[in-house]
Every structure is written in C-alpha cells, then in structure tokens.
Amino acid sequence: MNDVATIKVPRVVRDRVRDAARAAHLTQAQLIEEMLEERRKAEFWAALEAETPDQEYLDDLAEADAAFAGDAEESIARFEAGE
C-alpha cells in the first residue's frame, strides 16, 4: 500500500496541478511523478551537454578527419597507380 502525505503549496500551485492533471487525464500524483521524471531527464542531458567539448574543438576534429581522409585517398590513388 502506498503511503499518502499532504504537502503544503500555495492555492494557485494546487489549482495549476489539479487543472494540468485533469487535462492530461492523470491523477495529481501521476502528473507530479511525470514532471519529476522529465526534470531528471533534463538534468541528465544538461550535465552531458556540459561535458561535451566546445564547438571549436569539434570543428578542429572534423578538419583533422577530413585532412586524414584526403591524405588516405591520395595515398591509395598513388599506390594503385604504382607510384
């Protein structure tokens, strides 16, 4: 059995939760659980984004990859030509 607790929130917040739950065809508890899960996901993606290298670094990697691919294609062409 789930324990139930009463939380004190301003009336306007209570009304917003009630209305949003009704509109989504959920209980207020289900709506709050969904919102907490979405917040957890948002925090995860924000943390991941914070760990991602900056765009300049990614651009440098892409440039190095392109140069390597170009060098490899040129080397293959010379090899196939017997040079």
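## Aromatic pair

Trp45 counts as exposed, because its relative accessibility of 54% lies over the 50% cut-off. Phe44, at 45% relative accessibility, counts as partly exposed, since the value falls between the limits of 20% and 50%.

The count of aromatic pairs in this predicted model comes to one. It is formed by the rings of Phe44 and Trp45, whose centres are 5.0 Å apart and whose planes stand at 80°. The arrangement is therefore edge-to-face, as the angle between the planes is over 60 degrees.

## Helix 1

Helix 1 covers residues 11-24. Its 14 residues reach 20 Å from the first C-alpha to the last, which is close to the 20 Å expected at 1.5 Å a residue. After helix 1 comes His25, a residue with a positive phi, near 60°.

## Largest pocket

The largest pocket holds about 440 Å³ of space. Its lining comprises 16 residues, of which Ala5, Ile7, Gln28, Ala29 and Ile32 are the closest to the centre.

Which helices each supply at least two residues of this lining? Both helix 1 and helix 2 (28-51) do. Helix 2 gives the most to the lining of the largest pocket, with five residues. Sorted by class, the lining has nine nonpolar residues, four charged residues and three polar residues.

Conventions
Residues are numbered from 1 along each chain as its sequence is written. This is a predicted model: local features need pLDDT of at least 70, side-chain atom pairs count only at pLDDT 80 or more; totals for chains, interfaces and linings use all residues. Side-chain values use heavy atoms; hydrogens and water are left out. On a 1 Å grid over the protein atoms alone, a cavity is a set of points where a 1.4 Å probe fits but cannot get out, and a pocket is an open set with protein on both sides within 12 Å along at least five of seven lines; lining residues have an atom within 4 Å of a point. Grid points are joined across faces, edges and corners, and a volume is the space filled by probe spheres set on the points. Helices (H or I, at least four residues) and strands (E, at least two) are DSSP runs, numbered from the N terminus. Ala, Val, Leu, Ile, Met, Phe, Trp, Tyr, Cys and Pro count as nonpolar, Asp, Glu, Lys and Arg as charged, and the others, Gly among them, as polar. Rings of Phe, Tyr and Trp (its six-membered ring) pair if their centres lie within 6.5 Å; planes under 30 degrees apart count as stacked, over 60 as edge-to-face and the rest as tilted. Buried means under 20% relative accessible area, exposed over 50%, partly exposed in between (1.4 Å probe, protein chains only). The expected span of a helix is 1.5 Å times one less than its number of residues.
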